[in-house]
Amino acid sequence: MTPKSPQAESSYAADTVPEETVTADDIGLGMAITPAEMPVENAPPLSEQAAHELGKASGLILPRETSEIPGYSKWAEGVMAGPVALPVDKAARWPFVLAALLLALALAGQIVFRFRSEIAITTPSMRPLLELLSEALGAEVPLPRHVELVSIETSDLQTDPAHGNLLILNATLRNRANYAQAFPSLELTLTDTQDFAIARRVFPPEEYLSPSVAADQPFAANTDVAVRLWIEASDIGASGYRLYVFYP
């Protein structure tokens with residue numbers, strides 16, 4: 001057998017393996033390439049801003065104000081409800097404002113009425129107005145009753161032979177306050193030799209004041225009042241006494 005030359009072998013291979021051209025129509029896809037989809041080899045690159053705007057327009061990039069919300073979903077954007085503005089009815093507020101003002105005035109009036117005596121002490125010029133207010137409410141402005149500012153300056157208990165051996169009590173009361181007060185009551189306690197109480201009696205102002213001094217009149221500031229009482233206690237056999245002032 002005669003060897004074949006390389007040129008003859010090459011011609012044989014070309015004759016036995018023909019090239020076939022496959023098109024889209026041969027495989028039934030029916031696809032067509034439009035000029036807009038054909039790659040452009042010499043197109044200039046897009047700037048960063050232009051690429052960002054193109055991404056937002058195509059939905060690939062979300063706006064900043066929505067993409068920063070935690071749990072935000074672009075697909076739920078269409079069903080997300082916007083802020084609801086509640087209607088404000090300003091005309092409906094004035095009854096509540098009026099009621100609050102009336103309650104505040106009523107509370108202030110109660111405070112003034114409760115401390116009317118103290119207000120009259122600290123602000124004497126308001127006493128006539130406070131008296132009118134109290135009179136309208138069927139009350140009065142009571143005089144102060146600060147017993148710690150009322151003292152017994154002197155006291156003495158003796159037997160009075162001129163009055164059938166009755167006990168006679170002489171005392172001097174003093175109002176040390178800088179304002180007028182109500183007259184206090186007196187408590188007299190008779191004691192035995194062991195200083196045990198054997199008799200006690202309370203004297204209201206109308207019993208120990210002289211007829212020239214009315215019991216409902218004020219005890220003037222920094223003044224004294226004399227007290228004289230006759231007491232029937234000859235059969236008790238008291239050897240001592242205690243005298244107190246107080247406000248009931």
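Predicted model: local features only at pLDDT ≥ 70, side-chain atom pairs only at ≥ 80, totals over all residues.

Student: How many aromatic pairs does the structure hold?
Tutor: There is one aromatic pair. Phe-183 and Phe-219 form it, and the rings are stacked, at 4.8 Å centre to centre with 15° between the planes.

Student: Which parts of the chain does the pair tie together?
Tutor: Phe-183 is in the loop between β2 (166–175) and β3 (185–191), while Phe-219 is in the loop between α7 (205–208) and β5 (223–231), so the pair ties together parts 36 residues apart in sequence.

Student: Phe-183 first: buried or exposed?
Tutor: Phe-183 is buried, at a relative accessible area of 8%. Phe-219 is buried as well, at 2%.

Student: Where does the charged end of Arg-116 sit?
Tutor: It sits over the ring of Phe-113, 4.1 Å from the ring centre. Likewise, the charged end of Arg-114 sits over the ring of Phe-115, 5.0 Å from its centre.

Student: Turning to the core, which residues have the most contacts inside the largest nonpolar one?
Tutor: They are Leu-173, Leu-186, Tyr-208 and Ile-231, in a core of 23 residues. The elements giving two or more residues to this core are β1 (150–160), β2, β3, β5 and β6 (240–246).

Student: What is Tyr-208 in contact with, leaving aside its neighbours within four places in sequence?
Tutor: Its contacts include Leu-173, Leu-186, Phe-203 and Leu-229. Phe-183, a member of the aromatic pair, is also among the contacts of Tyr-208.

Student: New topic: how many salt bridges are there?
Tutor: The count comes to five. One of them joins the side chains of Asp-195 and Arg-242, at 3.1 Å from N to O. That pair links distant parts of the chain, with Asp-195 in the loop between β3 and β4 (197–203) and Arg-242 in strand β6, 47 residues apart. Asp-195 is partly exposed at 47% relative accessible area, and Arg-242 is partly exposed at 25%.

Student: And which residue does Arg-127 meet in a salt bridge?
Tutor: Arg-127 meets Glu-131, at 3.3 Å from N to O. The two are four residues apart in helix α6 (residues 127–136), so about one helical turn separates them. Arg-127 is partly exposed at 22%, as is Glu-131 at 38%.

Student: What about Glu-207 and Arg-201?
Tutor: Their side chains meet in a salt bridge of 3.5 Å, N to O. Glu-207 counts as partly exposed at 39% relative accessibility, and Arg-201 does so at 45%.

Conventions
Residues numbered from 1 in each chain as written. Heavy atoms only, no water. Phe/Tyr/Trp six-rings, centres within 6.5 Å; stacked < 30°, edge-to-face > 60°. Buried < 20%, exposed > 50% of the residue type's maximum accessible area, 1.4 Å probe, protein only. Lys NZ or Arg CZ within 6 Å of the ring centre and 35° of its normal. Core = buried A, V, L, I, M, F, W, Y, C linked by side-chain atoms within 4.5 Å. Contact = heavy atoms within 4.5 Å. Salt bridge = Lys/Arg side-chain N within 4 Å of Asp/Glu carboxyl O.
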